[in-house]
Structure formats: C-alpha cells, structure tokens
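Welcome! Try each task before reading its solution.

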Amino acid sequence: MSSPLPAAIELARRHRLQWWEALPWAAGLAAFFLFPNHLAFGTQVLVTILFALSLDLVLGYAGIVTLGHAAFFGAGAYTVGVLAMHWGWNEPLSGLVAAAVVAGAIGLVSGWVLLRTHGLTLLMLTLCTMALLEQAANMFSAWTGGFDGMPGLAFKPLLGLFEFDVLYFRTQYLYALAALFAGFVLVRVLVYSPFGRSLTGIRENLLRMHAVGAPVRARQVLAYAISAALAGVAGAVFVQATGYVNLAVLGLERAAGVLIILILGGYGRLYGAFVGAILYMVLEHALSKAYPTAWQLGLGLVLMLVALYARNGVLGLGDALRRRWNAR
C-alpha cells in the first residue's frame, strides 16, 4: 500500500486551480446573454451567493455559529444608502470600500466582545447584535428613513461609463458578478493559506490549537471581521443594484435564509454557497409562483429531506455518492 501524501503536498494539490472551477463563471456570463429578461433575479442570486460565501468563511471554516450575520449585510447596505442620500457620495466602487470598512469595523469590535463566548450564548448574542442594529436604524429615521427606508437612491455610472439601468439590470448583473468573483478569489486564497488551515484546525479541535500556542481568539476575530466586510460589500451591491434600502436588510428572515442556503449547498466547501443560493432562490421563486399561499411548506419539505439524507448539503451528498462508487 502506498504511503499517504505529506500534508503540504496534499494542500498544494487542493489549492491548485482545476479546470471545472471555470464552469460557474462561464455559466454566469452565459446567463447574461441567455436570460436577458431575468437579470434582476440573477443579480439577486449573485448578491445572495456573495453573502452566503461571507458566512461560510466563519461558519464552514472557523466553526463560528452565528444567527446575526445580516447585521453586517445591513451595515454595508445602509452605509452606501446614507452616503448617497445625505452626502451625495454615490460613486459605486468607493461606496463598496466604505461599506466594507464600516461592516468590517463593526465585525471587529463585536467579534472581539462576542467571541469570548461560544455555543448557544454566542448564537443569541449575534442575534441580539443584529436586533440592536435594526432598532438603531429604525430609531434614527432622520438618517435612515426608519421603517420606510430610503427608496429612489441614484448612483453614478460605473467607471463613469455604465449606467445602472433599473429596468433591465444589465450593468447591475455584471457588476454583481464581478464583485462575487473578487470576493470568491479572496475567500479561496484565505481558506487555502496557512491562516485558513489554522481556522480549520480551530473548528476541528479548539483545545489542541490552544495547546500548540496558536492565537485562537485573534484569528477568530480576524476571520469574523473579514467575513463581516465581505457581507457589507454584498449589502452595498444590493443597494446600488436596486436603488433602495429598508429594515429588511437587517431582518431575521435574511439571516436565517443565508443559513438555510449553506445547509442546502454544504458549508465549508467554497462552492456550497453557489449551489445552495441557486437552489434556494429558484425553489422559492418557483414554489411561490405555483403555490402563493403555501410555498413555504414545499420549501420546508425540501429542507427536511436535505437535513435527513444529505449530510452537509447537496455537495456533501455528491461526495458520499462518489466515495461509494469508487469503493465498488
């Protein structure tokens, strides 16, 4: 029997780009030409994938369970909304930078405090953080629009050339695709770096990582802040694409939905966010159209089947079937 590959060689092989990794991006570009009447929906899917990818960094790789990740999505969304509405700062790319800085700073501060805890306590505290931000956005209505939000936001053409078209979403779709690609490259580099491997070690055996002297909490907080910044970018792209922001960006439905997406697709797998977001949003769209009053029942049944028979989502099920086939 041949000896197993050293860990460093195995990691290098996993880090190497594979030919099939170009397929999602080719499909994303093809959808732009094949489905020109559904680019608004496609833009929402791309934003949701980016948001789910940001959560996967902390949940799937660092093992930090949170129910309040929408706090950072909403922070980024309100950052570009407030800047555009009150300060006339409506340049898209610099708005993304501002959203990432604000959301990342909130993630850094809240992570430094909250990540002292774990388990159910951490879950509830992250939920409370999101609720506090939602209430703050409601209270400071002079800046945020309160319950009504801020509709009719306008943004400058992208790079001074490409107008944001609220009817056909051509620019918004390609803009969201580019933001997703940049976010994916960042996450992919991180998870295959020594930093990312240390996060996996923390997830798998926290006590052992403490025993070897790894700065566990500092790395958890840093991962949390990076994830928050990425979620803030997703929120900013959402607002720039749609031209409005309201309290729904900070709601429990958005926070729970992104968790469901990772359960569907598979967490800690990079492409689980892609598969889960597409499945979730297509199912939601199709079921709500077919059964407007009971579509959540169908979605719930699908989730039950995935939870019972597809450990770690669709991608996990695919891996299990492949291992079974290879064992024959």
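Helices here are DSSP runs of H or I with at least four residues, and they are numbered from the N terminus. Keep in mind that this is a predicted model.

**Exercise 1. Two loop residues**

Find where phenylalanine 169 sits, and decide whether this residue is buried or exposed.

Solution. Start with the helices on either side: phenylalanine 169 belongs to the loop between α7 (141-144) and α8 (170-191). Next, look at the backbone, where phi of phenylalanine 169 is near 60°, a positive value in a residue other than glycine. Finally, check the accessibility. Buried means under 20% relative accessible area. Phenylalanine 169 has 11%, so this residue is buried.

Now do likewise for leucine 270: which loop holds this residue?

Solution. Leucine 270 is in the loop between α12 (252-265) and α13 (272-290). Its phi is near 65°, again a positive value in a residue other than glycine. With a relative accessibility of 3%, leucine 270 counts as buried.

**Exercise 2. The nonpolar core**

Which residues touch the most other members of the largest nonpolar core?

Solution. The largest nonpolar core has 96 residues. Those touching the most other members are Tyr78, Val237, Val239, Val245, Val249 and Leu270. Leucine 270, from the loop between α12 and α13, is therefore one of this group. As background, nonpolar side chains tend to be buried together in soluble globular proteins.

Pick valine 239 and list its contacts, leaving aside neighbours within four places in sequence.

Solution. Valine 239 is in contact with Ala77, Val80, Leu153, Phe155, Tyr244 and Val245.

**Exercise 3. Aromatic pairs**

How many aromatic pairs does the structure hold?

Solution. The structure holds 14 aromatic pairs. One of them joins phenylalanine 51 and phenylalanine 73, with 4.8 Å from centre to centre and 45° between the planes, and is tilted. Phenylalanine 51 lies in helix α3 (residues 39-61) and phenylalanine 73 in helix α4 (residues 70-86), so the pair ties together parts that are 22 residues apart in sequence. Both partners are buried: phenylalanine 51 has a relative accessible area of 3%, and phenylalanine 73 has 1%.

A further tilted pair is made by phenylalanine 184 and tyrosine 271, at 5.2 Å centre to centre and with 45° between the planes. Because phenylalanine 184 lies in helix α8 and tyrosine 271 in the loop between α12 and α13, this pair connects parts 87 residues apart in sequence. Phenylalanine 184 is buried at 4% relative accessible area, and tyrosine 271 counts as buried at 11%.

To finish, which cluster includes these last two rings? Ring pairs link Trp25, Phe181, Phe184, Tyr271 and Phe274 into a cluster.

**Exercise 4. On the surface**

Solution. First locate tyrosine 309 in helix α14 (residues 295-309). Exposed means over 50% relative accessible area. Tyrosine 309 has 62%, so this residue is exposed. Its patch on the surface is nonpolar and also contains Leu297, Leu301, Met304, Leu305 and Leu308. Together with Tyr309, these residues have about 710 Å² of accessible area.

Valine 97 is exposed, with a relative accessible area of 53%. From valine 97 to leucine 153, the C-alpha to C-alpha distance is 18 Å, and the two are 56 residues apart in sequence.

Notes:
Residues are numbered from 1 along each chain as its sequence is written. This is a predicted model: local features need pLDDT of at least 70, side-chain atom pairs count only at pLDDT 80 or more; totals for chains, interfaces and linings use all residues. Side-chain values use heavy atoms; hydrogens and water are left out. Patches are made of residues with over 30% relative accessible area and no salt bridge: like charges are joined within 9 Å, nonpolar side chains (Val, Leu, Ile, Met, Phe, Trp, Tyr) within 5 Å. Accessible areas come from the Shrake-Rupley method with a 1.4 Å probe; for residues, only the protein chains shown count as cover. A salt bridge is a side-chain nitrogen of Lys or Arg within 4 Å of a carboxyl oxygen of Asp or Glu. Buried means under 20% relative accessible area, exposed over 50%, partly exposed in between (1.4 Å probe, protein chains only). A nonpolar core is a set of buried Ala, Val, Leu, Ile, Met, Phe, Trp, Tyr and Cys residues joined through side-chain atoms within 4.5 Å. Contact means heavy atoms within 4.5 Å. Rings of Phe, Tyr and Trp (its six-membered ring) pair if their centres lie within 6.5 Å; planes under 30 degrees apart count as stacked, over 60 as edge-to-face and the rest as tilted.
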